[in-house]
Amino acid sequence: MIFRLVFISVLAVAIVSCKKKKPEPETPAPTTLSHGLLVLNEGLFNHNNSSLSWINTNDHTVGNSFFEEKTNRGLGDTGNDLKRYGGKIYVVVNVSSTLEILDATTGASLQQISMVHNGTPKQPRSITFYGPKAYVTCYDGFVDVIDTLSLSVTQRIAVGSNPEGLAVSNGKLYVANSGGLNYPNVDSTVSVVDLSTNIEIQRITVGNNPGGVCVDSEGDVYVISRGNYSTIPSRMHRINPVTDTKEFTFSFDAGGMTRMNDNLLISYYNYNTSTSQIGLFDALTEQLSIPNYISMSGITTLYGVTYSSITDKIYCADANSFSNTGCLHVFNSAGIFERTYNVGLNPSKVLVFD
Amino acid sequence: MFGQGGPTELDSVEIRNDRSMSLQSMLVIKKVRIQRRLATDVGQLMSLFTGVQMKSYGGLGGMKTITFRSLGAGHISVVSDHFALSQTQSGQADLGQIPVDFITKLELVGYNPLSVNYPIQSKLAGQIIAMETRHVQKVDSFSANIGTQFGSFGQLDGHAFLSKRISKWQFAGSLKGRRFDGNYPFSYLNGQTSTKTTRTNGDLVDVYGTASASYFFSPLQKLHASYSGAYYDKGLPGAVVFYNETANQRLFGNNHLFTLRHSGSGKRLIYSSGASFQQSELNYVDSNYLNAAGFLHSRFVSQESTGQTQWRYHSNNDSLSILVGAGVRYEQLFSETFSNPPTRFSTDVITAFQWFWKGDFSAQLGLQDIQDLRPTQSKRTTVLLPSFEWKIFKKGFSFIAGYRYTVRQPSFNELYYNQIGNDKLVPEKAQLAYTTFGYNCNFGRNLHWSYQGAVQPFYVHAIDKILAIPTKNLFIWSIQNIGKSDAYGTEVRQFISYNKNRFTTSLRLQYTFQYTLDLSDPKSSTYRDILSYSPLHAGTAELDVEINHWGTSLLLTYQGERYALNQNIPTNLLDDFVLLDLSFFYKATWREHQFTARVAINNLTNNYYSYIRYFVMPGTNLAFRLSYDF
C-alpha cells in the first residue's frame with residue numbers, strides 16, 4: 001500500500017512538472033523605422049529589464065526586444081524618458097545612469113553616455129532640446145547640457161534638488177525640482193535657466209513635489225506639483241514665461257500633462273481608489289472643458305499619455321499591476337478607443353514613426 | 001568531550017522507541033554534518049532541508065532568508081537555545097548572521113505541540129528553525145573547542161568555546177569573529193554579451209559572543225541564564241545593475257539577547273519557564289544618496305521582552321499527555337521617523353494533547369491576541385490557531401496526516417516604514433495540510449545497513465498575503481494584503497548508510513517538487529501563474545565516506561528554473577543550476593584531545609549562478625578549517 005502511494009506521488013510529480021508554457025513568438029525589429037510606434041518600457045527597479053517595444057502599425061505585430069536586437073545588449077535598469085530630436089532617438093535610463101542615443105532611421109546605437117559624476121551615478125530623469133543642445137535633468141541637482149553633434153556632456157547647470165521634468169519656453173528652461181529624496185521635506189520650486197548663459201536665474205515656488213513640466217501652444221508653462229500622494233493633492237500650476245511668476249493654480253486633480261494642439265490632456269491616477277482619468281484642458285480658455293475625455297474602462301493603471309500630431313491619435317500606456325507586462329491603448333483624438341497592443345513591463349513613453 | 005559529535009563523523013541512524021524519531025531525524029542536521037559543509041552561517045545549510053527555498057542576496061556574508069512551501073520568512077520562527085530570535089522590525093531573521101560553529105543540532109520543525117523546548121509563539125508559527133548550541137549541553141567536567149577557518153575572497157574567521165562544570169554549576173563562553181573581503185569574480189549575461197567583473201562592496205566584519213551559566217538543582221532540573229551579543233558591519237553589493245556597478249550602501253549594527261530559563265521534569269510533569277530581552281540596532285547608510293545631505297543614514301532600534309511558561313502532564317502509561325502554556329511579548333521599534341514608537345503587545349496561549357489510541361493523535365489549539373499601538377490607530381487582533389496530527393507506525397512503516405492553521409502578523413516595516421508602510425494591514429493567513437509515508441529499517445548481515453525513506457505530499461493555501469508592490473511609481477511602493485496562493489507538492493527524503501568497523505558511508509537524497517499558483521486576481525495576467533522564486537524542482541544529494549581518520553563528503557545541490565516575477569514569461573525565467581561541493585577531512589585523536597583539519601572546494605564547476613536575479617553568487621572557492629576539541 002505504502003509503495004503504491006509513493007508511486008502515485010512520484011507519477012503526479014512527473015505529470016505536473018511536464019506543464020510548460022509555450023513562449024509567444026517575438027516579432028523581429030525592423031531595419032528602418034517607419035509605420036510604427038516605439039514604446040519605452042521602464043521595467044522594474046534592479047531587474048535590468050527596461051526595454052523598447054516596436055509596434056508595426058501596418059500589421060499590428062509587436063516585438064518587445066527592439067533595443068536588444070539592435071545592440072546585442074540590454075537597455076538597462078529603469079528607462080525614464082524617450083524623445084526624438086533631429087535624426088536621433090534619446091533614451092534616458094535612470095538607475096543604469098546612462099543616456100542611450102540611437103539612429104532615428106535604423107534604430108542602431110550611436111552612443112551610450114555614462115551619466116556618472118565623480119564616481120556617483122547622476123540618475124538622469126528627463127530630456128528636452130533647444131538648438132543644438134540636449135538638456136537632461138539629473139537627480140544630483142543638475143541639468144546636464146549635451147552637445148547633440150559630439151554627443152558629449154559639455155556643461156552642468158546647478159538647479160534645485162532632484163529635478164524631474166523640464167521644458168523650454170521663451171528662451172528659458174523650466175526645471176521642476178522635486179526634492180523627492182528629501183521626503184518628507186520635499187522641494188516646491190521650479191528653476192528658471194537662461195538658455196543664452198545656461199545659468200539658473202530664478203526659482204519659482206509652485207507646490208510640493210514638482211514633477212512634470214509642459215508648454216502650451218502660446219508658450220505658457222504648466223507644472224504639476226504631486227503633493228504627498230495623500231493629504232496634499234496633486235495640482236497643475238501655470239507660470240508666465242515673461243514674468244516668470246506663478247499665475248494660477250488649478251483646482252482639479254492632475255498627475256500628468258500632454259500637449260494636444262491647443263489643448264492639454266490632463267491625466268490623473270488616484271492612488272487611493274486605483275482609478276484613472278484623462279480630462280481635456282483647453283489651454284486657450286484655460287478651462288477643463290471635458291473632465292472625462294477618454295473612457296478608462298479598459299485601463300488598469302494609467303502610466304503615460306502621448307499624443308501624436310502625425311497620426312492624430314492618443315496613446316495611453318497601461319502598467320497593469322506594475323509587475324506584469326503592460327499595454328498600449330490607442331484612441332483617436334476625439335477620445336474614441338481604437339485598439340490595444342501588449343507591450344513590455346511598465347510602458348510609459350511612445351514615439352511615433354510615419 | 002569531543003563535543004557532541006561522538007566517535008564517528010557520520011550521523012547515526014536512530015531507531016528509538018520514540019516512534020516519531022525515525023521521521024523526525026531526517027529533519028535534523030547534527031553538528032558533524034554541519035561541520036562537513038564548512039558553512040559560515042546557518043543560511044548556507046538550509047538547502048539541506050526539503051521544502052525550504054533559500055533566498056541568498058549574494059555574497060558570502062549576504063542576507064539569507066528562506067521560504068517554506070511557499071510561505072514567506074514571516075511564517076518561520078528562528079529559535080536558538082529555546083528562545084525565538086526577534087523579528088520585530090522586518091518580520092524575518094537574516095540567517096546569514098547566525099554562526100554555525102557552536103550549533104550541535106539544527107532542526108526544521110513543523111509541528112511538535114507537546115514539546116516545552118520551543119517558545120509558544122514559535123509553535124504557533126508556520127515553521128520553526130530550531131538550533132541548540134553547546135551552551136545548553138551538559139558537560140562532565142570540562143569541554144573546549146578552538147578553531148579557525150580561512151579561504152577565498154579574504155575569508156578569515158576564528159572561534160573558541162569553553163565550558164566548565166563546577167559542582168552544580170556550569171559556565172560556558174564562546175566567541176566567534178569573521179571577515180570577508182567579498183570581492184569575488186563573476187560574470188553575467190547582458191543581452192548577447194557576457195561581462196566578467198568583480199564584486200565590490202561585499203565586505204563583512206562581524207563578532208558574535210555568548211556567555212552562559214547553568215545551575216542544576218537536580219539531574220532533571222536546571223536554571224540557565226545567558227547573554228549573547230553581536231556586532232556587524234558589512235557592505236551591500238546589491239543587485240548587478242547594467243552599466244552602473246556603483247554600490248556604496250552599508251549595514252552595521254549590534255544585537256543583544258538576555259535569557260533566563262528554568263526547566264525540569266518530574267514523575268508526571270515536564271515544564272519550562274523563561275524570560276528574555278532582546279535589543280537590535282540596525283543602521284543603513286547610503287553614501288551616494290542624492291538628497292540635500294548627500295547621504296542617507298537610517299537608524300532603527302527594536303526591543304522585545306518576552307515571558308512564558310509551559311507545563312506538560314503525561315499519564316502513568318504515557319498514553320495521554322496534556323500541555324498548557326501561556327506567554328507574553330512586548331515589542332517596540334524606535335527610529336527618528338517615528339514620533340511615537342510603534343508598539344505591539346502580544347499574548348499567546350496554547351493547549352495541546354497527545355493520545356495514543358489507534359496510533360498517535362495529537363492536537364494543538366493556540367490563541368494569539370495582538371494589540372498594535374499604531375501611530376494613527378490602535379488595532380487588536382485575536383486569532384484561534386488549531387492544528388492536529390495523526391500518526392501510525394507499524395513494522396518500520398509510518399504514516400502521518402496533519403493540518404495546521406497559522407497566521408503571521410505584519411512586521412513593523414510593513415506597517416510603518418516611510419511611505420511604504422500600510423498600517424491597515426491584517427495578518428496573513430495560511431492553512432497547511434500534509435501526509436507522510438515513511439519506512440525505515442536496518443538490514444544486511446549484522447544489520448550494517450540502515451535505510452530511512454519518506455514521501456510527504458503537502459498542500460498550502462494562503463490568503464491576505466502581504467506583498468510589496470509599486471503603487472505610486474516605481475520608486476514608491478506600498479504594502480498591501482492582496483496575495484492569495486496555493487501550493488502543492490511532494491517532498492521526498494531517502495537516506496541509506498553502511499557502517500562496519502572503521503568504515504562508514506551514507507547517501508542522503510532530498511527532493512522537493514512544489515507547484516505554486518498565484519490566485520490573487522482572476523483578471524490579472526499572472527492568475528494561476530507560478531509564484532516568483534518557486535522552482536518546481538529542487539534537491540540535494542549528499543554522499544559521505546569515512547575510513548579510519550579520513551573522510552570525504554560530496555554535496556550536489558540542484559535548483560530548478562524559476563521566475564523572477566510572478567508573470568510566467570520567458571524574460572522572467574531564471575536558469576536552473578547545479579552546484580557541486582567537495583570536502584575532505586582528517587581527524588587525529590590522542591587521549592581526550594581531538595584535532596581536525598578540513599578542506600572544502602565549493603562550486604567545483606565554477607558555475608555563475610544566482611538565487612535572486614542579479615544577486616550573483618561566487619564561483620569556485622576554497623575553505624580550510626582547523627579545529628581542536630577537548
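**Entry 1. A strand pair in chain A**

I began with A:Thr98, which stands opposite A:Ser114 in β7(A). I noted that 5 bridges join strand β6 (residues 98-103) of chain A to β7(A), and that the two run antiparallel. For terms, I took helices (H or I, at least four residues) and strands (E, at least two) as DSSP runs numbered from the N terminus. I counted two strands as paired if DSSP finds at least two bridges between them.

I recorded that this is a predicted model, in which local features need pLDDT of at least 70 and side-chain atom pairs count only at pLDDT 80 or more, while totals for chains, interfaces and linings use all residues. Residues are numbered from 1 along each chain as its sequence is written, and chains are lettered from A and ligands numbered from 1 in the order in which they are written.

**Entry 2. The sheet around that pair**

I then traced an open sheet of 4 strands in chain A, with the order β4-β5-β6-β7 and antiparallel pairing. Its edges are β4 (79-85) and β7 (109-114) of chain A; each has a single partner strand, so one side of each is left without a neighbour in the sheet. I read an average twist of 15° from one strand to the next. Angles run from 0 to 180 degrees between N-to-C directions, with axes fitted as lines to C-alpha atoms, for helices over the stretch in contact.

**Entry 3. Another open sheet in chain A**

I looked up the order β14-β15-β16-β17 (chain A), an open sheet of 4 strands with antiparallel pairing. Here β14 (163-169) and β17 (199-205) of chain A stand at the edges with a single partner strand each, so one side of each lacks a neighbour in the sheet. The twist averages 25° from one strand to the next. Within the sheet, strand β15 (residues 172-177) and strand β16 (residues 189-194) of chain A run antiparallel and are joined by 6 bridges. I found A:Lys172 opposite A:Asp194 in β16(A).

Accordingly, strand β19 (residues 221-225) of chain A is mostly covered, with 5 of its 5 residues buried. I call a residue buried if 20 or more other C-beta atoms, placed from the backbone, lie within 10 Å of its own, exposed if 12 or fewer, and partly exposed in between.

I noted two antiparallel pairings. Strand β18 (residues 210-215) of chain A pairs with β19(A) over 4 bridges, and β19(A) pairs with strand β20 (residues 235-240) of chain A over 5 bridges. A:Ser225 is the bridge partner of A:Pro210, and A:Ser225 also stands opposite A:Arg235 in β20(A). β18(A) and β19(A) form a hairpin with 5 residues between them, and A:Gly219 in the turn has a positive phi of about 95°.

**Entry 4. Nonpolar cores**

I asked which residues touch the most other members of the largest nonpolar core, of 92 residues. They are A:Val143 and A:Tyr174. A nonpolar core is a set of buried Ala, Val, Leu, Ile, Met, Phe, Trp, Tyr and Cys residues joined through C-beta atoms within 7 Å. Leaving aside neighbours within four places in sequence, I listed contacts of A:Tyr174, including A:Leu166, A:Val190, A:Val192, A:Val213, A:Val221 and A:Ile239. Two residues are in contact if their C-beta atoms, placed from the backbone, lie within 7 Å.

I counted 2 helices and 30 strands in chain A, and 4 helices and 33 strands in chain B. The radius of gyration of chain B is 24 Å, close to the 25 Å that the globule rule gives for 630 residues, so chain B is as compact as a globular protein of that length. The radius is taken over C-alpha atoms, and the rule is 2.2 Å times the number of residues to the power 0.38. Of the 354 residues of chain A, 52% count as buried; of the 630 residues of chain B, 48% do.

**Entry 5. Where the chains touch**

How many residues does the contact take from each chain? I found 44 from chain B and 49 from chain A. On the side of chain B that touches chain A, β24(B) gives the largest share, 6 residues.
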